[in-house]
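Biologist: Could you take me through one part of this model up close, starting from a single residue and its surroundings, and then work outwards to the rest?

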Amino acid sequence: MNARIGRLFWIAALGTLILVTMTAYWQIWAAPDLAAREDNARLVYRQLSVKRGLIYDAGGRTVLAANKRRVKNGITLYLRRYPFGPLFAQPVGYNTVGEGRTALELYYNDYLTSSNSDLATLFDKLGDKLQGQTVTGNDLVTSLSMPAQRAAARGLGALHGAVVALEPQTGRVLAMASSPGYNPNDVAGAIKRAAAPGSGSPLLNRATQGLYAPGSTFKVVTATAALESGRYTPDTIIDGKGTCITIQTVPLCNAGGESAGQVSLAEALTFSYNTVFAQIGEQVGKDRLYRTMQAYGFFQKPPADFPSDELSRSGMYSRGRFLSPSAPVDIARVAIGQERLLATPLQMATVAATIANGGMRMAPSLVDKAVSPSGKTVFESRPEQITRVMSSQTAADLTSMMRRVVEEGTGTAANVGNLSVAGKTGTAETGTAGLNNAWFIAFAPAERPRIAVAVVIERTPEFGGTIAAPIARDVIEAYLASGVAK
Amino acid sequence: MRSARYRELWNLLFVALVTAVGFLSVYTARQQEIDSTSLIYAGYFLALYAVAHIGLRAGLPDADPWLLPLAALLTAVGLIEIYRLNPTLARDQSIWIVVGLAGFLALILLVGDVRRLESYKYTLGALAVTLLLLTMVVGTEINGARLWIRLGGIQVQPGEFSKLLLVVFLAGYLREKQEVLSMSHRTILGIGFPAVRHLGPLLTMTGIALAVVAVMNDMGTALLLFGIFLAMLYVATGRSLYTVVGLALFAAGSWFVYETAGHVRERFSIWLNPWPDSRDTGYQLIQTIESIADGGLFGSGLGRSFQLLDNGSTIIPAAQTDGIYAVWANETGLAGAAGLLIVYLLFAYRGFKVATLADDSFSKLLAAGLTFAFSFQAFLIVGGVTRVVPLTGITLPFVSYGGSSIVSNFMLLGLLLMVSDRTRKAIR
């Protein structure tokens, strides 16, 4: 009987070995995956127990995202509070327990929670731990300008649309607004309301994700390709061939039934002649136009410090799907910003900013720096040059051409007293008779640009020059008047 | 005085040190939330084991010197973690430890010679079945399982006591039938089969176990009782045929229950794949596993893991009972978890040693059965929370919160020590 009892002991030993092995499996092998699971309550609470860094506007003057401390049953939790409600909802985003996080709150989560591996931060974190205190995250100083953001939101008002403002020399995002918006202090409520029909997608960031036919604003891109080809100067005379021309058996006409005769390239842009730019498009050809588009950032997600899921590519779309650049297109209609071409407000702002910056495209950036709780700068963003889209001569030519648009062309509504604004209007039909997507892209002052803006208004009976241009003007004016601009 | 008791005293002093350190670290980690007077539990806990030790000096001077300290270590682990989760529950648990130790000392004093139990084997066996039947009839259902009987203000889990009674009954019964059960009545295909009428007990036991699953929805107790039966049958007869037939019968029966009873099927499907339904049916197992995983190699430290939600409830449902191993593994890591499992293995080693040293079949069967019951129960629940076997609601002996569990395991310990004392006295 003793031998059998001995065997029972070995069974017990085997059982112990199995249990130790399985425990080790969970604790070592499977642990990283389990820790990252969304149903893991300790992950959520651990993040909420971190005092997230604050998010500031440009220069660190005003807090855009603060913390609300709550102590219950010995557990201290920090919940996010956004003092300006909907005003900064699109660029800053939200951080919640149930609904996750978005925008800068998501992209810079590691900095905001001090989980970045920067040495200065680690040291601060260690100190906190030794003292049994809360881990405090790094503060973010963004590039967002309070006056520009306010002007953008005020301009959009109850309209559906978006505004993006960039600093041309650096790519810093000065304003990013999308309407209708939502209040990040009540995300759960906003999500519920967004599900209702006719809500107008308030959670969608139209500035980075909204895709609209760029219409005539795209003629600036076509003009860039034309000037860079060396076959055109602003004074090159082109025959507008009247009111309509026939492209691929379908007539293509000028807006408002206007007739174009022998006009210069500069005049064609000033008065936005479709018949001229369609011919230029065909002459320049798909390859060259696409190369210019590519250089401007079309066909790719913008290299911004923003969650990739919240950025859309501009380019050709068919039934909501992105088309490969190799797909055949009607290049004459692409050249006037139609066909199946769609662009985001951020992309069109980048076009304006690139011209304003003498032809060098900069990466858009929303955060200037991250500062550790002890005041050390742990991250500093540097202006990043992406590519030279055009020569500085071409940029200067385009600037004076766009200047004329505002002075005497379709964009006169953007005139600001003694300030020189350069811009281009766009009015794209939506498919519903009488409703357009109205665009305006601009930068100012033309001789030494400090701000570039793109404005789009959805489904409006008005035109780019009448509804979008005044908003762009207000944003420019508010920003330049604030004296923030260096 | 005998040297065994001095060895025990040293062992207990070591346990006392571990306990004090454990309580202090929980206290320092959570002093903002818990009251310093609750530290009294630690001192009180030590006093209890001093009493138990003195009791053994008087009653069982030659008994094994390792079993009591190992049990003390396990209760300390349990009390520390329960205290860490909820100091009020720790107060209740310490009362149960007093009751358990009183029962333990009373058992030693009243029974004296463990062999006297043999003559009551049928009474005790009948009592075991009665307790189970009673639970099936008047039991209260909690979380879908009918494990408890309400007795005045407290809830008793009769399954914990049935386990003990079954072991005592089987030790007596199998000693008596040992020879007939071991004999081959006829040989078929070279395998010797016993007479059909001797298969009666096997069939009865299978029936009882399956009834427990089907009626009480208590797969844990069913597995435990059936496992004890098979192990003791094997020790008594040495015939693995019984084990094979028994397992086959149980498997067939389980399959039948699985097909007919929805709750058993659900348990199994959660076990096989808990992940898709992480907020509902898979919640308990997933939270338990995530807690274990959070421990890593060395754990977060006692009182420093994340166990309580801001509404005061535990993340793991039933953390103080089913989930206590997960809490320990979270706070002490693989090092502590493996250590705890080794403590169980050491207990098994000393228990089986008591069985091998015993000089009569009844004592051998009794000690082996008790030790197996103890170890197998620990395996089932730790296996349950680590997804080795389906998760059931049985307790981790001496560690889990619960009066019935604590009291029955102290009685188990008492019986083992009584066997040990008699044999070692005889050897001396």
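**A close look around A:His160**

Modeller: Leaving out residues up to four places away in sequence, A:His160 touches A:Ser179, A:Pro180, A:Gly200, A:Glu458 and A:Arg459. Keep in mind that this is a predicted model. A:His160 itself sits in the loop that runs between helix 8 (146-156) and strand 5 (161-166) of chain A.

A:Ser179 and A:Pro180 are joined by a cis peptide bond, with omega at about 0°. A:Pro180 belongs to the loop between strand 6 (173-179) and helix 9 (187-194) of chain A. Most residues other than glycine have a negative phi, and most peptide bonds are trans. Chain A has another cis bond, from A:Ala444 to A:Pro445, where omega is near -15°. A:Pro445 is in the loop between strand 19 (436-444) and strand 20 (451-460) of chain A.

Stepping back to the whole chain, chain A has 17 helices and 20 strands. Buried residues account for 52% of its 486 residues. If you take contacts in chain A between residues at least 6 apart in sequence, 69% of them join residues at least 24 apart.

For a well-covered piece of chain A, go to helix 11 (residues 219-228). Ten of its ten residues are buried, so helix 11 of chain A is largely enclosed by the rest of the structure. Among those buried residues are A:Lys219 and A:Glu228, along with A:Val220, A:Val221 and A:Leu227. They pack against helix 12 (265-270), helix 13 (274-296), helix 15 (345-356), helix 16 (392-408) and strand 18 (422-429) of chain A. After helix 11 of chain A comes A:Gly230, with a positive phi near 85°.

Three strands of chain A make an open sheet in the order 12-11-13, with antiparallel pairing. Strand 12 (321-322) and strand 13 (341-342) of chain A are at the edges with a single partner strand each, so one side of each has no neighbour in the sheet. Strand 11 (residues 315-318) of chain A is joined to strand 12 of chain A by two bridges, and A:Ser318 has A:Arg321 as its bridge partner. In the loop between these two strands you'll find A:Arg319, which has a positive phi of about 50° although it isn't a glycine. A:Arg319 is exposed, with 6 other C-beta atoms within 10 Å.

B:Ala318 has a positive phi near 55° and is a residue other than glycine. B:Ala318 lies in the loop between helix 11 and helix 12 of chain B, and it is partly exposed, with 17 other C-beta atoms within 10 Å.

In all, 49 residues of chain B are in contact with 35 residues of chain A. On the chain B side, the elements giving two or more residues are helix 8 (219-237), helix 11 (283-295), helix 12 and helix 13 (361-385) of chain B. Helix 12 of chain B supplies the largest share, 14 residues. By type, the residues on this side of chain B are 29 nonpolar, 14 polar and six charged.

Then there's the packing inside. The largest nonpolar core has 140 residues, and B:Val167, B:Ile228, B:Met232, B:Leu366, B:Ala368 and B:Leu416 have the most contacts within it. Helix 12 (residues 324-357) of chain B gives the most to this core, with 17 residues. Another core lies apart from it, with 133 residues, including A:Ala213, A:Tyr296, A:Ala428 and A:Ala472.

Last stop: helix 1 (residues 3-29) and helix 2 (residues 40-59) of chain B pack at about 170°, with axes 10 Å apart. That angle makes helix 1 of chain B roughly antiparallel to helix 2 of chain B. Helix 1 of chain B contributes residues including B:Leu9, B:Leu12 and B:Phe23 to the contact, while helix 2 of chain B brings B:Phe45, B:Leu46 and B:Tyr49, among others. The residues of this contact divide into ten nonpolar, two polar and three charged.

Key:
Residues are numbered from 1 along each chain as its sequence is written. Chains are lettered from A and ligands numbered from 1 in the order in which they are written. This is a predicted model: local features need pLDDT of at least 70, side-chain atom pairs count only at pLDDT 80 or more; totals for chains, interfaces and linings use all residues. Helices (H or I, at least four residues) and strands (E, at least two) are DSSP runs, numbered from the N terminus. A residue is buried if 20 or more other C-beta atoms lie within 10 Å of its own, exposed if 12 or fewer, and partly exposed in between; C-beta atoms are placed from the backbone. Two residues are in contact if their C-beta atoms, placed from the backbone, lie within 7 Å. Two strands pair if DSSP finds at least two bridges between them. A nonpolar core is a set of buried Ala, Val, Leu, Ile, Met, Phe, Trp, Tyr and Cys residues joined through C-beta atoms within 7 Å. Ala, Val, Leu, Ile, Met, Phe, Trp, Tyr, Cys and Pro count as nonpolar, Asp, Glu, Lys and Arg as charged, and the others, Gly among them, as polar. Axes are lines fitted to C-alpha atoms, for helices over the stretch in contact, and angles run from 0 to 180 degrees between N-to-C directions. Angles under 35 degrees count as roughly parallel, over 145 as roughly antiparallel, 65 to 115 as roughly perpendicular and the rest as oblique.
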